Amino acid sequence: MRKQNEKNTSTSKTTSQRKRASSTRRERKPSRIPTELPILPIRDNVYFPHMLAPVLIGRERSLQAAKSALESHKMMLMVAQREVNVEDPNIDDLFQVGIIAEVVQVLQVPDGTLRVVFRGLERAQITRVTQTDPYLVVELEPLSVKEPRVKTDIEALMRMAVTLFEEIVQNERSVPPETIPAVMYIEHPGRLADTIAHFLPLKFTAKQEILETLDIHERLENTVRILRRELEVIEVQHRIRDRVEQEMGDTQREYYLREQMKIIQKELGERDERMSEVEEYREKIMQVGMPEDVLERAFKEVERLEKMPFASPEGSVIRTYLDTMLTLPWNQRTDDQMDIQEAALILDEDHYGLTKVKERILEFLSVRQLSGSLKGPILCFAGPPGVGKTSIGRSIARALGRKFVRISLGGVRDEAEIRGHRRTYVGALPGRIIQGLRQAGSKNPVFMLDEIDKLGYDFRGDPTSALLEALDPEQNDRFSDHYLEVPFDLSDVMFITTANLLETVPAPLRDRMEVIAFPGYTESEKLQIAISYLVPRNLERHGLTKKHLKFTDDALLKIIREYTREAGVRNLEREIATVCRKVARKVAEGAAKSILVRENTVETFLGARRYQFGIKEEKDEVGVATGLVYTEFGGDIVSVELSLVKGHEGRVLLTGQLGDVMKESAQAALTYIRSRAEQLNIDPEFNRKYDIHLHVPAGAIPKDGPSAGITMATALASALTNIPVRRDVAMTGEITLRGRVLPIGGVKEKVMAAHRAGIYEVILPSDNEKDLEEIPDHVRNAITFQFVKHVDEVLPIALAKAPGTLQARKNGKKNLVKA
């Protein structure tokens with residue numbers, strides 16, 4: 001019996017195969033492989049190069065050969081037997097082609113046998129027998145075949161082989177599913193054929209045929225042919241099994257006998273724990289309120305559990321599945337808070353500003369109150385970090401009276417994270433969406449999918465594609481999770497996603513969401529947030545009270561302007577926490593009882609200022625115009641500087657890390673000024689007499705966008721006419737070759753930056769007049785707005801006097817929108 005545990009292989013080598021073996025070009029064998037090796041006969045199996053081969057060695061001659069190899073070079077020639085029942089094979093009982101294998105691991109078994117793990121190195125052919133006793137030793141010739149370049153025909157065969165192998169794995173339980181990834185990413189055609197043959201449950205004669213085929217193209221063709229034959233056999237087996245199952249009919253007889261068994265046990269006062277568990281599952285299933293199709297599936301799983309042995313591994317999988325089904329909120333929901341005013345108070349209590357978000361939530365509540373039913377909206381909060389996208393989700397749940405669930409999608413690359421794993425895998429679990437609902441215990445929570453723009457994808461699937469169904473109101477009422485394998489209704493869930501950049505979110509997914517932009521807080525909003533939220537919260541965290549520490553508004557403004565540069569308030573809260581820690585130490589040491597932080601004392605707590613914010617120029621200058629810019633940290637002002645240097649080439653030098661769009665705007669401004677040379681009373685040949693250098697500080701910060709067009713044109717006109725630019729005027733707008741001024745974005749932030757810098761006259765494109773509604777009243781009332789359609793209107797306003805024949809315009813517009 002011990003000897004029968006050894007695995008051997010056999011097949012006859014045809015004349016054509018011998019020709020292939022001799023005609024195929026061979027590489028020189030590696031110097032580390034001996035020319036003579038002991039033979040290890042194998043029964044009922046064939047091993048391949050690059051594969052691990054666990055072998056139980058029990059025959060006396062094989063044991064002596066193995067021990068000899070272990071004492072020397074640790075290599076053997078593994079050759080399959082032609083006949084399985086031959087106990088003591090000689091050279092004629094063996095095939096002529098085998099594999100050179102090196103010993104990886106050896107285990108001495110108490111009964112005297114050896115368990116050896118070999119690693120296949122390469123094919124080899126027996127050329128001559130050099131020893132027969134006490135074991136076979138042969139002279140061999142390695143059959144190293146050079147892998148060919150993957151051409152179209154070979155690539156087609158490789159794809160066909162992988163596809164057929166996947167179908168066999170899906171239908172043949174003896175081949176584990178984990179072998180599919182191992183096969184899919186093999187690039188060498190010869191190794192692909194060997195690997196597939198190694199994993200498939202083929203007859204050893206078929207494997208030997210593949211081992212002896214040295215031509216790579218022919219080896220792949222043989223592999224595809226064998227795969228097709230195996231697939232046909234599997235299909236026939238399935239048809240036979242289905243026919244047998246139909247003939248068996250239903251299980252009424254078994255059910256009748258089981259019912260009799262229950263009655264007998266009840267009369268005898270015995271209790272069957274197994275039947276008690278099954279009945280308990282049935283009672284719980286009836287109580288949780290599952291839909292009809294889900295109820296039917298749950299009862300089928302209970303019936304499967306009932307028929308299985310108690311200690312069956314499959315029974316444990318079914319119990320875990322049923323427990324998951326029973327804990328899901330199929331019919332549990334929370335009642336929405338329908339008091340609109342109360343919901344508004346809760347939203348205002350937790351967050352300052354964010355008007356559009358709050359309006360959208362109150363609109364949803366209003367419609368829900370009037371209609372009685374409304375599918376949950378799919379919202380996407382897009383904006384820079386720290387502006388309150390995640391925290392507002394919790395406030396929305398509190399305002400609606402719903403449960404709140406948040407999952408972070410940053411770095412998720414596996415589709416199964418969203419849809420779950422199929423139960424065929426060990427340790428399978430539902431996806432994150434189903435797990436979140438299970439955690440909430442309600443089918444209508446506020447469900448936040450955080451950082452949706454940071455999803456990735458790889459060979460395991462694309463998670464963004466899996467989200468398409470969950471975030472589509474038209475089809476998420478029957479969301480399918482791979483683990484549950486039954487539909488789950490997500491139509492009552494209010495999904496909220498967050499993203500920093502919408503560009504990385506795929507268009508189909510972006511189309512399913514209602515995007516609400518979070519533009520970032522203005523300076524005045526940050527001040528109010530600090531006063532109302534950040535300072536009180538940090539005082540409490542650090543064990544301080546208002547008696548211990550107070551901030552003046554000017555001190556908070558200084559921290560905002562000179563110690564933080566962000567769209568949100570995270571760094572602002574860190575700086576306030578730093579001040580609180582230093583004050584807490586002084587209070588704890590008894591060095592101070594009450595501290596008032598003023599503007600001139602901020603540096604004692606936070607050190608020297610880290611950033612500079614834009615302020616207007618000290619005087620009117622020639623060639624220096626003040627522009628308005630919008631960054632991810634909010635608005636700011638920037639000076640566009642232009643100098644003329646005598647030269648003969650008419651070069652235009654643009655510096656300050658300008659992007660392509662901004663460089664094109666500078667070229668457009670230059671062309672426009674040249675076209676208006678006569679009206680501006682400048683030399684039409686100035687471009688031949690002067691080199692033009694345009695610079696935008698700060699040089700270390702990349703800049704781009706078209707909105708500096710009229711600012712560049714104004715600086716150029718000032719330098720050529722020698723008329724200073726007014727320092728109390730800021731401007732923004734895109735310029736065309738004809739001098740038209742086109743609309744731009746970020747008007748609110750840019751105007752706020754001008755107001756902060758002490759500039760009270762702003763030039764804007766006329767098409768941006770509608771954007772003044774977003775500007776706070778106190779800023780809008782303090783600034784005079786000049787709305788222009790053409791650069792000819794800009795220059796008389798921006799320059800100290802109207803250049804050339806252009807007419808001055810002094811009537812600005814103020815308080816255009818009622819407060």
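Rings of Phe, Tyr and Trp (its six-membered ring) count as a pair if their centres lie within 6.5 Å. Keep in mind that this is a predicted model.

Q: How many aromatic pairs does the count come to?
A: The rule just given looks at the distance between ring centres. Applied to this predicted model, the number of aromatic pairs is 4.

Q: Are the rings of Y321 and Y483 stacked, edge-to-face or tilted?
A: Planes under 30 degrees apart count as stacked and those over 60 as edge-to-face, with the rest tilted. The ring centres of Y321 and Y483 lie 5.7 Å apart and their planes meet at 55°, so the pair is tilted.

Q: How many residues apart are Y321 and Y483?
A: Y321 sits in helix α11 (residues 313-327), while Y483 belongs to the loop between β10 (479-480) and β11 (487-488). Both Y321 and Y483 are buried. Their pair links distant parts of the chain, and the separation is 162 residues.

Q: What kind of pair do F785 and F787 form?
A: Both F785 and F787 are buried. Their ring centres are 6.1 Å apart and the planes stand at 20°, under the 30 degrees that counts as stacked. The pair of F785 and F787 is therefore stacked.

Q: Which helix gives the most to the lining of the second largest pocket?
A: About 1700 Å³ of space lies in this pocket. Of its 40 lining residues, the closest to the centre are P177, R422, R423, T424 and Y425. The lining divides into 16 nonpolar, 11 polar and 13 charged residues. At least two lining residues come from each of α3 (152-171), α4 (179-184), α7 (216-248) and α11, and the top contributor, with 5 residues, is α11.

Q: Which element supplies the largest share of the lining of the largest cavity?
A: The largest cavity has a volume of about 80 Å³, and its lining holds 10 nonpolar residues, 1 polar and no charged. Among the lining residues are L642, V652, Q667 and M712. β18 (652-655), α23 (660-675), β19 (690-695) and α26 (709-721) each supply at least two. The largest share, 4 residues, comes from α23.

Q: Where is the proline found that a cis peptide bond joins to D133?
A: The residue joined to D133 is P134, and omega of the bond is about 0°. P134 is in the loop between β5 (114-131) and β6 (137-142).

Q: Is H50 buried, partly exposed or exposed?
A: H50 lies in the loop between β1 (36-42) and β2 (52-57). Phi of H50 is near 70°, a positive value in a residue other than glycine. Buried means under 20% relative accessible area and exposed means over 50%. With a relative accessible area of 42%, H50 is partly exposed.

Q: How does E451 count in terms of accessibility, and what is its relative accessibility?
A: E451 is not a glycine, yet has a positive phi of about 60°. E451 belongs to the loop between β9 (446-450) and α17 (463-470). E451 counts as partly exposed, with a relative accessibility of 23%.

Q: What is the mean pLDDT of the chain?
A: pLDDT stays under 50 over residues 1-31 and again over residues 814-819. Where pLDDT is low, the predicted coordinates should not be read in detail. Across the chain, 88% of residues reach 70 or more, and the mean pLDDT is 82.

Technical notes: Residues are numbered from 1 along each chain as its sequence is written. This is a predicted model: local features need pLDDT of at least 70, side-chain atom pairs count only at pLDDT 80 or more; totals for chains, interfaces and linings use all residues. Side-chain values use heavy atoms; hydrogens and water are left out. On a 1 Å grid over the protein atoms alone, a cavity is a set of points where a 1.4 Å probe fits but cannot get out, and a pocket is an open set with protein on both sides within 12 Å along at least five of seven lines; lining residues have an atom within 4 Å of a point. Grid points are joined across faces, edges and corners, and a volume is the space filled by probe spheres set on the points. Ala, Val, Leu, Ile, Met, Phe, Trp, Tyr, Cys and Pro count as nonpolar, Asp, Glu, Lys and Arg as charged, and the others, Gly among them, as polar. pLDDT is the predictor's confidence in each residue, from 0 to 100. Contact means heavy atoms within 4.5 Å. Buried means under 20% relative accessible area, exposed over 50%, partly exposed in between (1.4 Å probe, protein chains only).
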